[in-house]
Structure formats: structure tokens, C-alpha cells
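Dear colleague,

Please find the sequence and structure below for your records. My notes on what was found in the structure follow directly after.

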Amino acid sequence: MQQRPLGHTGRNVSVIGLGTWQLGADWGAVTEEDAIAVLAASVEHGVTLFDTADVYGDGRSESIIGRFLAERPGHDVTVATKMGRRMPQEPENYSPDNFRAWTERSRRNLGVDTLDLVQLHCPPSAVIEADGTFDALDALVADGAIAAYGVSVETVAQARAAIARPAVTNVQIIFNPFRLKPLDEVLPAAAAAGVAVFARVPLASGLLSGRYTSATTFSADDHRSYNRHGEAFDRGETFSGVDYDTGVAAATELAAALPEGVSLPAASLAWIAAQQGVTSVIPGARNVGQAQSNAAAAHLLEGGFDLAAFDAAVRRVYDERLRADIHPQW
């Protein structure tokens, strides 16, 4: 598995990481046994980045990761967690006292003295624009509570504001064949600043798995049922903000452009990872098979797959089917 620099931290992380939202909540039930199996399969296939958050299952995701890694001393895994969603999304709640309380809780969940990387969890723009935010984060680094910090964002404008902060290690943004705006407005700025980029929702909540049809249904506790129009949180987090049926049709068209033996999810992950400025792609996995398939996508970067041809198909489908359906902020 190819490893890439994590900003200026001196750490390297795998080009394919693992997002662990699904190990906490909002994707249907995942047993702890299955969650541990997913983590193990990922590590066995070279994954060295786990991305989590303190609100995923109210700490369940962090706690499972903590127990898993505690049993593997000497592991080479970087854990990137997130904070800021435990209270209403009002700028005043992003205070030094709350930062300290949230990081203390994550340290307990993960069983560590120092958190590898803490990302603000899609905060309001005013939080990213406030100098006090980063003064408080710098204080946590100085105290040894966290080793580094970054920002998970919803919009290109937020990403650019975060990249401009000198001590920001990474930005995390939705980026996939259905969401192309970061290509021109985020990746070059991040690369120039030495800021890592984590590409989240890389398979558009499963639309780019190529397995869904207009008749596919999801359980009631799955955000793909209850957040299609932004009822619970930002609509862009579900199917990348694309209308479901439109996304199914676009995925079918992309799959048809691939050579035999190359799956749509593998091609999508490899295409994202191949973009200059991307550090790691962080797909989720609910079972061992998905974890193995995600990690195996890294092999497409080594040759034997015409990324240029797939890139042309991505841009054509985006222009013809998706551009008009994407909210301008994304």
C-alpha cells in the first residue's frame, strides 16, 4: 500500500484509509465483532489511517478502535478523530473549554495520552475564520493533548480558509466522481501549502458501488433513508447531495465505461487517489469483503488501468448528468 506524507507531521498514511462512521451509527447495525473484523482486514491489507469522530455512535467508533489498537502494540496506524458536533452548531460553542473537554473524552475512548490528529467536525465558517479557534488548538498541541489538528469541511470556501492557517495539518472534504469542484479550487491550494487532503464520501454513500438500483431500499436507521434532503445534517453527506435516481443512472454509465475486470468502486477510489494533492481516500466498510476491496483499489495506481480514459468518462458524465444537480456551494 502506497504511503503519503501527512502534512508536516513527519507521519505517513496509506493512500487508502478507512472511514469508520459506519462502526458507530447511521449506516444500519454493525456488530462489534464485525467492526473489529473490518479494522483487522484493513490493517492486514496495508491501511494505516483510521478516520473517526467523537459523535460516531456517541463514541462507539472511537472506543472500538481504541480496544483494537491496544491489542496490537507497535501498530503503525494513525487515528484521525473529529470534534465539535456534540453541541449545537453555534460559533460560541467552539470554545477552549469545550475543546479540552472533547479531546479528553476522545483520549479516554481511544485509550491514548495524545491524540494523533483532531479535526474540527464541519464547523460553521465563522469558526474557521476566527483566530481564537486556532489559538485554542495550538494550546492543546503545546499541552500534549493532541499532536496535530485539521479541519473537516463542507464547502470549497471553508477548505481554502482552513488551508490558509499555517498549523493546519489537513483538510477533509467530500470528493468523488460526483463532486469535482475540489479538483480546481482545493487540491492545488493544499498541495502548495503542504496541507494533506482526506477525500471523504468517496463512493457517494454507496452509489459508486454500482450495486444500487432505483428499487434499492435502506433501513430506517441508515442516513441514506432519513437524510436524503438534509433533514438531519448537511445534505451533501448523503449521496454527495446528488438526487438518488440521477446518481444511479450516472453510476451505471460510469460502470459501462470500464474495462472487464475493473469494478466501479475500485476505479473510483483509484481515480480519486491519483489526483495531485490527495493524501488519502477514506471509504467506509461494513464487512471484511468491503474492506478488502477498498484496500485492493490501491493496486490500480500501480498500472494496468487506463486512468486517463476513466477520467474522461467521469468529466463527461458529470457535465451531462450531474453538474446541474449539484448545489453551487459544493
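Helices (H or I, at least four residues) and strands (E, at least two) are taken here as DSSP runs, numbered from the N terminus. This is a predicted model, in which local features need pLDDT of at least 70 and side-chain atom pairs count only at pLDDT 80 or more, while totals for chains, interfaces and linings use all residues. Residues are numbered from 1 along each chain as its sequence is written, and side-chain values use heavy atoms, with hydrogens and water left out.

I begin with two backbone features. Cys 122 is found in the loop between strand 6 (117–121) and helix 4 (125–129). Its phi is near 50 degrees, a positive value in a residue other than glycine. Val 201, in the loop between strand 9 (196–200) and helix 9 (223–226), likewise has a positive phi near 50 degrees. Most residues other than glycine have a negative phi. Cys 122 has a relative accessible area of 6% and is therefore buried (under 20% relative accessible area; exposed is over 50% and partly exposed in between, with a 1.4 Å probe and protein chains only). Val 201 is buried as well, at 14%.

Contact below means heavy atoms within 4.5 Å. Not counting residues up to four places away in sequence, Phe 310 touches Leu 254, Leu 258, Leu 264, Ala 267, Ser 268, Trp 271 and Phe 305. Leu 307 lies in helix 13 (residues 307–322); with the same exclusion, Leu 307 touches Ala 270, Trp 271, Ala 274 and Leu 301.

Helix 13 also packs against helix 10 (residues 244–256): their axes come within 10 Å and cross at roughly 150 degrees (axes are lines fitted to C-alpha atoms, for helices over the stretch in contact, and angles run from 0 to 180 degrees between N-to-C directions). Helix 10 is therefore roughly antiparallel to helix 13, a term for angles over 145 degrees. The contact includes Thr 246, Glu 253 and Leu 254 of helix 10 and Phe 310, Arg 316 and Glu 320 of helix 13. Its residues divide into eight nonpolar, one polar and four charged (Ala, Val, Leu, Ile, Met, Phe, Trp, Tyr, Cys and Pro count as nonpolar, Asp, Glu, Lys and Arg as charged, and the others, Gly among them, as polar).

Finally, two residues of helix 1 (residues 32–44) may be set side by side. Ser 42 belongs to this helix and counts as buried, because its relative accessibility is 1%. Leaving aside neighbours within four places in sequence, Ser 42 is in contact with Leu 18, Val 47, Phe 50 and Ala 291. Glu 32 lies in helix 1 too, but counts as partly exposed at 36% relative accessibility. With those neighbours again left aside, Glu 32 is in contact with Arg 60, Ile 64 and Arg 67. The C-alpha atoms of Glu 32 and Arg 60 are separated by 9.2 Å, the two residues being 28 apart along the chain.

With kind regards

How values were computed:
Angles under 35 degrees count as roughly parallel, over 145 as roughly antiparallel, 65 to 115 as roughly perpendicular and the rest as oblique.
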